[in-house]
Amino acid sequence: MAIQTIGIVGAGSMGSGIANLAALNGFNVILRDIEDRFLENGMKRIAGFMQKSVERGKMTEDEKEATLGRIRTTTNMEDFKDADLVIEAVIENMDLKKEVFQQLDEITRDEVILATNTSSMSITEIAAATKRPDRVAGLHFFNPAQLMKLVEIVRGYNTSDETVEQLKAVAEQLKKESVVVNKDTPGFIVNRVMIPHFIEAIRLLEEGVASAEDIDKAVKFGLNYPMGPFELQDYAGVDIGYYVMEYFQKEFDDTRFAPPLLMKQMMRAGRVGKKAGAGFYDYE
């Protein structure tokens, strides 16, 4: 089946980024959220991202408008009946994801692949909410989806080889490098490596070994990373990392993954990163 129209559930930073990416690469996009205001904010983010590209001479105003013209917004789940592939990008809440997939399973054609952008949660559990677990997989993009080169394609217990191959082809059309995660394990590849790295950095800070600034500097210049662990957590959202750690601790039954006390205190104080004006650093 040729994939021409991609549905995106959720117009937040990830959903809008994936929608923009798909439209930039010639796909028609149906972007859905629960309220018009979320859709309006998502479209503003998309337009703002492309406007910077126009100003830098990387795209023309006509190309920007043509890309925006390929994105249709809606609050109606029924509109996904026209989609050839649907990617869910709602918050990391398993009950909500299963509810979304149950609805998509009833609305979309039987041959349509249903993918989740979850960064850590069980593909198998999400797929069990549908009658097509062989057509469900993880398709994990990184933020910002328009720029980050990697996408993780994650098998659930029942995901078919055909589904994986189709998603690899879509990733190639989106100009992404893909990796296939063959076992449905929490955090897949990237987060499985990154979360312990975050936890150890926070422990160094808690123990007074070094400042957040110097730990970030050491990682950037010593390991040649583009961002330090505290910069990255603030950018992605301290709350997101916290919930992933809690999920890891529960799924692996291992206290090594427990969120450090400092992180719990930050959550209570509302210091959840750039979006809140404060995280490990102050942004006001």
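Modeller: Asp-253 is found in the loop between helix H10 (238-252) and helix H11 (261-269), where helices (H or I, at least four residues) and strands (E, at least two) are DSSP runs, numbered from the N terminus. This is a predicted model, in which local features need pLDDT of at least 70 and side-chain atom pairs count only at pLDDT 80 or more, while totals for chains, interfaces and linings use all residues. Residues are numbered from 1 along each chain as its sequence is written, and side-chain values use heavy atoms, with hydrogens and water left out.

Biologist: Why is Asp-253 called exposed?

Modeller: Buried means under 20% relative accessible area, exposed over 50%, and partly exposed in between, with a 1.4 Å probe and protein chains only; the relative accessibility of Asp-253 is 71%, so Asp-253 counts as exposed. Asp-253 also has a positive phi of about 50°, although it is not a glycine.

Biologist: What makes Lys-175 count as exposed?

Modeller: Its relative accessibility is 56%, and therefore Lys-175 counts as exposed. Lys-175 lies in the loop between helix H6 (161-173) and strand E8 (177-181), and has a positive phi of about 65° without being a glycine.

Biologist: How do you know that strand E2 pairs with strand E1, and which residue is the partner of Ile-8?

Modeller: Two strands pair if DSSP finds at least two bridges between them; five bridges join E1 (residues 5-9) to E2, and the two run parallel. The bridge partner of Ile-8 in E2 is Leu-31, while in E3 the bridge partner of Leu-31 is Thr-73. E2 and E3 (residues 71-74) pair in the parallel sense over four bridges. Strand E2 (residues 28-32) is mostly covered, with four of its five residues buried.

Biologist: What describes the packing of two helices, and how are H2 and H3 oriented?

Modeller: Two packed helices are described by the angle between their axes and the distance between the axes. Helix H2 (residues 36-55) and helix H3 (residues 61-69) pack at an angle of about 160°, with their axes 10 Å apart, the axes being lines fitted to C-alpha atoms over the stretch in contact and the angles running from 0 to 180 degrees between N-to-C directions. That angle makes H2 roughly antiparallel to H3, since angles under 35 degrees count as roughly parallel, over 145 as roughly antiparallel, 65 to 115 as roughly perpendicular and the rest as oblique.
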